[in-house]
Amino acid sequence: MTDPLEPAQFRSRLVAWLGENDLTPSADDHSLQGHLRQFARVQRALYDAGWSRYGWPEAAGGLGGPDILRAIVGEEVVGRRLVEPGPYSMLEVLAPTMIDYASPALAAEMVPKLLSGEEQWCQGFSEPGSGSDLASLTTRATPRGDTWVVNGQKVWTSFAQFSHRCILLTRTGDADTPNHEAITAFFVDLDTPGITVRPLRTMHGVDEFCEVYFDDVVIGADRMLGRPGDGWRLAMDLLPYERSTCFWQRIAYLYSRFDALIGEVKNVGQAVDSDMGEAYLALHTLRCRSRATQHRLAEGHKLGPDTSIDKVLLAGAEQRLYDTARDLLPGVIELDDTEWRTEYLYSRAATIYGGTAEVQRNIIARRLLDLGKE
Ligand SMILES: Cc1cc2nc3c(=O)[nH]c(=O)nc-3n(C[C@H](O)[C@H](O)[C@H](O)COP(=O)(O)OP(=O)(O)OC[C@H]3O[C@@H](n4cnc5c(N)ncnc54)[C@H](O)[C@@H]3O)c2cc1C
């Protein structure tokens with residue numbers, strides 16, 4: 001008797017299904033809005049056919065099975081460029097957080113909306129002045145009867161202008177509460193009165209992230225994620241998700257770009273030289289590391305600071321790949337308005353988002369290698 005959830009069988013059934021169901025994106029819409037529309041379309045199709053429900057608990061609209069099935073879906077879908085890795089990553093980061101921290105009723109109501117592409121959500125953590133030092137955040141939530149009233153500002157909130165909801169970190173403790181016990185998370189509807197979303201244009205020419213302002217925004221106590229003071233723990237639990245399953249599909253995407261680079265390098269008559277070899281080695285090292293991480297997650301291990309290694313390797317491999325494109329395709333970054341240029345510029349963000357390279361190295365030195373503070 002064969003097991004349909006055995007990863008190799010699951011993959012071959014998925015690949016066959018993708019062969020029969022054409023989800024190719026429209027060739028003429030490369031806007032961010034177009035990418036998000038395509039993501040919603042693909043998610044809807046995957047959800048209706050069951051694929052995007054595997055690896056998620058039944059209590060939250062999933063069909064169960066190991067987490068590794070999600071990684072396989074992400075790899076196949078992003079590796080074929082059916083969806084872009086950015087929007088896909090929000091799903092892998094925010095759904096586990098809702099499942100772990102929302103009340104069971106809220107998770108059961110909301111998570112299927114995300115899995116089915118009906119909604120997009122965003123992550124409201126960073127603030128002006130509180131990025132690496134996230135615990136210093138100042139957006140405040142004050143209790144009022146059965147509700148909380150939020151005032152403050154978030155920044156770099158990816159896809160907020162397209163999002164229906166936000167997982168928001170706020171400060172709730174008083175001046176004597178230690179920082180890490182003074183933070184509380186909420187699940188906020190972005191159409192609540194008092195919320196203003198302003199997109200920011202990045203250097204790669206896309207309004208990917210936003211400033212989000214909260215002016216006397218009233219949130220029901222039933223939208224709190226966990227208990228008052230659990231927000232720091234939620235943030236620390238979320239970050240490893242940002243560096244596990246969602247990395248697996250980003251790696252598939254980078255491999256697809258590596259293959260495209262080989263084709264273009266040959267087209268312009270350049271030799272595929274040792275630079276390409278080094279870029280491949282960096283990608284392969286990253287993939288081996290991430291594969292071990294996927295297995296640890298699937299075996300039920302709690303991921304922690306060890307995923308900082310994955311983050312350092314990802315940022316290094318991504319930047320090396322696009323540096324190689326710049327070196328081997330003369331002018332393609334500097335002079336031409338191509339995908340390579342946009343992606344090269346975006347790859348510079350890899351050492352910033354999800355925790356900067358310097359901060360990751362500090363974590364590796366202090367928490368994994370026990371090298372002390374200096
Ligand atoms: C593409 C992209 C998408 C993002 N999406 C989101 C999102 O959806 N939601 C969200 O909340 N945030 C998001 N962010 C924000 C991101 O989390 C922060 O940019 C990141 O945490 C760094 O914070 P910062 O920008 O305030 O830089 P800072 O913390 O001010 O850092 C500035 C410089 O100082 C260095 N530095 C800081 N502290 C130390 C230290 N202790 N030791 C050594 N060096 C240090 C840093 O490495 C960096 O080089 C996104 C960022 C990017 C680039």
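Contact, by the way, means heavy atoms within 4.5 Å. The helix and strand labels are DSSP runs numbered from the N terminus, with helices (H or I) of at least four residues and strands (E) of at least two.

Quick housekeeping. This is a predicted model, where local features need pLDDT of at least 70 and side-chain atom pairs count only at pLDDT 80 or more, while totals for chains, interfaces and linings use all residues. Residues are numbered from 1 along each chain as its sequence is written, and side-chain values use heavy atoms, with hydrogens and water left out.

Back to H5. It runs over residues 104-115, so to speak, 12 residues, and spans 16 Å from its first C-alpha to its last, close to the 16 Å expected at 1.5 Å a residue. That expected span is 1.5 Å times one less than the number of residues. Which residues of H5 are buried? Leu106, Ala107, Met110, Val111, Pro112, Lys113, Leu114 and Leu115. Buried here is under 20% relative accessible area, exposed is over 50%, and partly exposed is in between, with a 1.4 Å probe and protein chains only. After H5 comes Gly117, with a positive phi near 80 degrees.

Zooming out, the chain splits into domain 1 (7-119), domain 2 (123-231) and domain 3 (243-368); the bounds come from an automatic or database domain assignment. Domains 1 and 3 have C-alpha centres 22 Å apart. Their contact takes 16 residues from domain 1 and 16 residues from domain 3.

Now the charges. How many salt bridges does the structure hold? The count is 25, where a salt bridge is a side-chain nitrogen of Lys or Arg within 4 Å of a carboxyl oxygen of Asp or Glu. Here are some of them:

- Arg201 pairs with Asp207 at 2.6 Å, N to O. Arg201 counts as exposed because its relative accessibility is 59%, and Asp207 is partly exposed at 27%.
- Arg233 meets Asp230 at 3.5 Å, N to O. Arg233 is partly exposed at 45%, whereas Asp230 counts as buried because its relative accessibility is 15%.
- Glu278 bridges to Arg320, with the closest N and O atoms 2.8 Å apart. That pair links distant parts of the chain, 42 residues apart: Glu278 is in helix H8 (residues 274-298) and Arg320 in helix H9 (residues 307-328). Glu278, at 41%, is partly exposed, and Arg320 is partly exposed at 35%.

There's also a salt-bridge network that ties together Arg11, Glu75, Glu76, Arg80 and Arg287.

Asp216, in strand E7 (residues 209-220), has a phi near 50 degrees, positive in a residue other than glycine. Asp370 also has a positive phi, near 55 degrees, and sits in the segment after H11. Is Asp370 buried or exposed? Exposed, because its relative accessible area is 66%.

Then there's a nonpolar surface patch of Leu368, Leu369 and Leu371, about 290 Å² of accessible area together. Areas come from Shrake-Rupley with a 1.4 Å probe, and for residues only the protein chains shown count as cover. Patch members need over 30% relative accessible area and no salt bridge; like charges are joined within 9 Å, nonpolar side chains (Val, Leu, Ile, Met, Phe, Trp, Tyr) within 5 Å. Leu368 belongs to helix H11 (residues 357-368) and counts as partly exposed at 35% relative accessibility.
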